[in-house]
Amino acid sequence: MSEYASVLKTPLRLKKDSGIKKKKKNKKKVVLEDLAKVEKTTGAENTTEAKAEMVPLTKAERAFKMMKEKKQVERIMDKASKTHKQRVEDFNRHLDSLTEHYDIPKVSWTK
C-alpha cells in the first residue's frame, strides 16, 4: 500500500473546466410559452388557411394507407396469437433448416 500512498484521490481538472458553470435553459417552459402564443394567435383566419392547405389523398395513397394498416393489424394479431414457447420452437425450426454455412465458426485454436 505504501506505493499508492502518494496518489491523489481528487477528480481530474481540465483546462476548459475553470469552475464556471453555464445555466441550462428550461426547454419545457419555452415550449409551453410557444404553445400558449400559438393558441392565442389561432383564430378563424388560421383555421381556414389550414383547411385550404389540406390536400385530399389520391386513390393510390388511400389504398397504400389501408394496406399498411391491414398488414400492421395482421402482424399484431400474429404476434399476439403465439406464446413465447411457440415462438422459440419456430425459431429453432428455422435455425435447423439453415445450412452449415450459417454455423458459428470455431474460435478455439487449441482443439
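**Entry 1: positive patch**

I began with surface charge in this predicted model. I found K71, R75, K79 and R87 gathered in a patch of positive charge on the surface. Which element gives the most to the positive patch? I looked it up, and α3 does, with three residues.

I placed R75 in helix α3. Is R75 buried or exposed? I read a relative accessible area of 52% for R75, and the cut-off for exposed is over 50%, so R75 counts as exposed.

**Entry 2: salt bridges**

Next I asked how many salt bridges the structure holds. I got two.

I took the pair with K82 to start. D90 forms a salt bridge with K82, and I noted 2.7 Å between the closest N and O atoms. For the other pair, I saw the side chains of D90 and R93 meet in a salt bridge, at 2.8 Å from N to O. I also checked where D90 and R93 sit: both lie in helix α4, three residues apart, which is about one turn of the helix. I then noted that salt bridges with shared partners join K82, D90 and R93 into one network.

How accessible are these three side chains? I wrote down 26% relative accessible area for D90, so D90 is partly exposed. K82 has 29% relative accessibility and is therefore also partly exposed. R93 reaches 52% relative accessibility, so I filed R93 as exposed.

**Entry 3: nonpolar patch**

F91, L95 and L98 make a nonpolar surface patch of about 260 Å². Where is F91 found? I located F91 in helix α4, which covers residues 84-97.

**Entry 4: the whole chain**

I stepped back to the overall layout. I counted four helices and zero strands in the secondary structure of the protein. From the N terminus on, I read the elements as α-α-α-α.

What share of the 111 residues is buried? I found 0%. Buried takes under 20% relative accessible area, and even D90, at 26%, is partly exposed. For the accessible surface of the protein I noted about 12600 Å², with 61% of that belonging to carbon and sulfur atoms.

**Entry 5: confidence**

Where is confidence lowest, and where is it highest? I found the lowest in helix α2 (residues 44-53), at a mean of 58. I found the highest in helix α3 (residues 59-81), at 93.

Terms used: Residues are numbered from 1 along each chain as its sequence is written. This is a predicted model: local features need pLDDT of at least 70, side-chain atom pairs count only at pLDDT 80 or more; totals for chains, interfaces and linings use all residues. Side-chain values use heavy atoms; hydrogens and water are left out. Patches are made of residues with over 30% relative accessible area and no salt bridge: like charges are joined within 9 Å, nonpolar side chains (Val, Leu, Ile, Met, Phe, Trp, Tyr) within 5 Å. Accessible areas come from the Shrake-Rupley method with a 1.4 Å probe; for residues, only the protein chains shown count as cover. A salt bridge is a side-chain nitrogen of Lys or Arg within 4 Å of a carboxyl oxygen of Asp or Glu. Helices (H or I, at least four residues) and strands (E, at least two) are DSSP runs, numbered from the N terminus. pLDDT is the predictor's confidence in each residue, from 0 to 100. Buried means under 20% relative accessible area, exposed over 50%, partly exposed in between (1.4 Å probe, protein chains only). Lys and Arg count as positive and Asp and Glu as negative; His and the chain ends are not counted. The place of a charge is taken as NZ of Lys, CZ of Arg, CG of Asp or CD of Glu.
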